[in-house]
Amino acid sequence: MVRAGLTTDRVVAAAADLADSIGFDKITISALARGFGVKDASLYSHVKNLQDLRTRVALLAAGEFIDRIEAAVAGRAGRDALIAFADAYRAFALECPGRYEATRMRVDPAVAAAAPAYHRTIATTSSMLRAYGLTEPDLTDAVRLLRSTFHGFTALEADGGFGAPRAVQTSWERAVEALHFLLANWPSATSGAAREA
């Protein structure tokens, strides 16, 4: 019998909160059930198994992540949009570590294809980069550069990996400025081809 008050949305939201507290890879059906004061079986009326729960958390987190980014970049373009995008990315990664970890989970391609959050993320990121005049294949290369930089920086920051006395905020701002400069002066694909020849 389903316990009164439990819904799939509540279960998934609680799992996301738990992920932020103990880590996305540490959430379990049992830990979640304890938080609700119910037996594990009660949750199986709302999620199929742990993989289903984690997928749902990943989709929830992806939606919350792009909500923040879209709100930050709305009405902005070029450098201003990049700074807003970067700051929203960093804030989410640091404030919601379990949710952020969930956004990096490999989701079944069919599920991902049907998820609005992933489409919105692609559209928002592509729109920001097209303001720099980038098209494919440079667009994909630029997305990979931004993602690598933002993820690497925030992962190191979250782990206390920056030990130098210089303020981390200053380094972050300089890194984003450097990315803006690079995007505004993106090397053409032909220059890479010439180098390989």
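Reader: Which residues have the most contacts inside the largest nonpolar core?

Author: This is a predicted model. Its largest nonpolar core has 58 residues. Helix 1, helix 2, helix 4, helix 5, helix 6 (97-103), helix 8 (116-130), helix 9 (138-158) and helix 10 (168-184) each supply at least two residues of this core. Those with the most contacts inside the core are Leu43, Val57, Leu82, Leu129, Phe150 and Leu183.

Reader: What does Leu43 touch, not counting residues up to four places away in sequence?

Author: Leu43 is among the residues with the most contacts inside the largest nonpolar core. With residues up to four places away in sequence not counted, Leu43 touches Leu6, Val11, Ile29, Leu32, Ala33, Phe36 and Val38.

Reader: Which helices do the buried residues of helix 2 pack against?

Author: Helix 2 covers residues 29-36, and its buried residues include Ile29, Ala31, Leu32, Ala33 and Phe36. Just after this helix, Gly37 has a positive phi of about 70°. The buried residues of helix 2 pack against helix 1 (8-22), helix 3 (40-43) and helix 4.

Reader: Is helix 1 roughly parallel or roughly perpendicular to helix 2?

Author: The axes of these two helices come within 10 Å and cross at roughly 110°. An angle of 65 to 115 degrees counts as roughly perpendicular. Helix 1 is therefore placed, relative to helix 2, as roughly perpendicular.

Reader: How many residues of the contact of helix 1 with helix 2 are charged?

Author: From helix 1, Arg10, Val11, Ala14, Ala15 and Leu18 meet Ala31, Leu32 and Phe36 of helix 2. The contact has 7 nonpolar residues and no polar ones, and the number charged is 1.

Reader: At what angle do the axes of helix 4 and helix 5 cross?

Author: Helix 4 spans residues 50-73 and helix 5 spans residues 78-95. Their crossing is right-handed. The axes come within 8 Å, and the crossing angle is roughly 145°.

Reader: How many residues of the contact of helix 4 with helix 5 are nonpolar?

Author: Helix 4 contributes Ala61, Glu64, Phe65, Arg68, Ile69, Ala72 and Val73 to the contact. Helix 5 contributes Ala81, Ala84, Phe85, Ala88, Tyr89, Ala91, Phe92 and Glu95. The division is 3 charged, no polar, and, for nonpolar, 12.

Reader: Is Ala58 buried or exposed?

Author: Ala58 lies in helix 4. Leaving aside neighbours within four places in sequence, Ala58 is in contact with Ala102, Met105, Val107 and Tyr118. Because its relative accessibility is 0%, Ala58 counts as buried.

Reader: How many Å apart in space are Ala58 and Arg144, C-alpha to C-alpha?

Author: In sequence, Ala58 and Arg144 are 86 residues apart. In space, C-alpha to C-alpha, the separation of Ala58 and Arg144 is 20 Å.

Methods
Residues are numbered from 1 along each chain as its sequence is written. This is a predicted model: local features need pLDDT of at least 70, side-chain atom pairs count only at pLDDT 80 or more; totals for chains, interfaces and linings use all residues. Side-chain values use heavy atoms; hydrogens and water are left out. Axes are lines fitted to C-alpha atoms, for helices over the stretch in contact, and angles run from 0 to 180 degrees between N-to-C directions. Helices (H or I, at least four residues) and strands (E, at least two) are DSSP runs, numbered from the N terminus. A crossing is left-handed if the near helix is turned anticlockwise from the far one by less than a right angle, and right-handed if clockwise. Contact means heavy atoms within 4.5 Å. Ala, Val, Leu, Ile, Met, Phe, Trp, Tyr, Cys and Pro count as nonpolar, Asp, Glu, Lys and Arg as charged, and the others, Gly among them, as polar. Buried means under 20% relative accessible area, exposed over 50%, partly exposed in between (1.4 Å probe, protein chains only). Angles under 35 degrees count as roughly parallel, over 145 as roughly antiparallel, 65 to 115 as roughly perpendicular and the rest as oblique. A nonpolar core is a set of buried Ala, Val, Leu, Ile, Met, Phe, Trp, Tyr and Cys residues joined through side-chain atoms within 4.5 Å.
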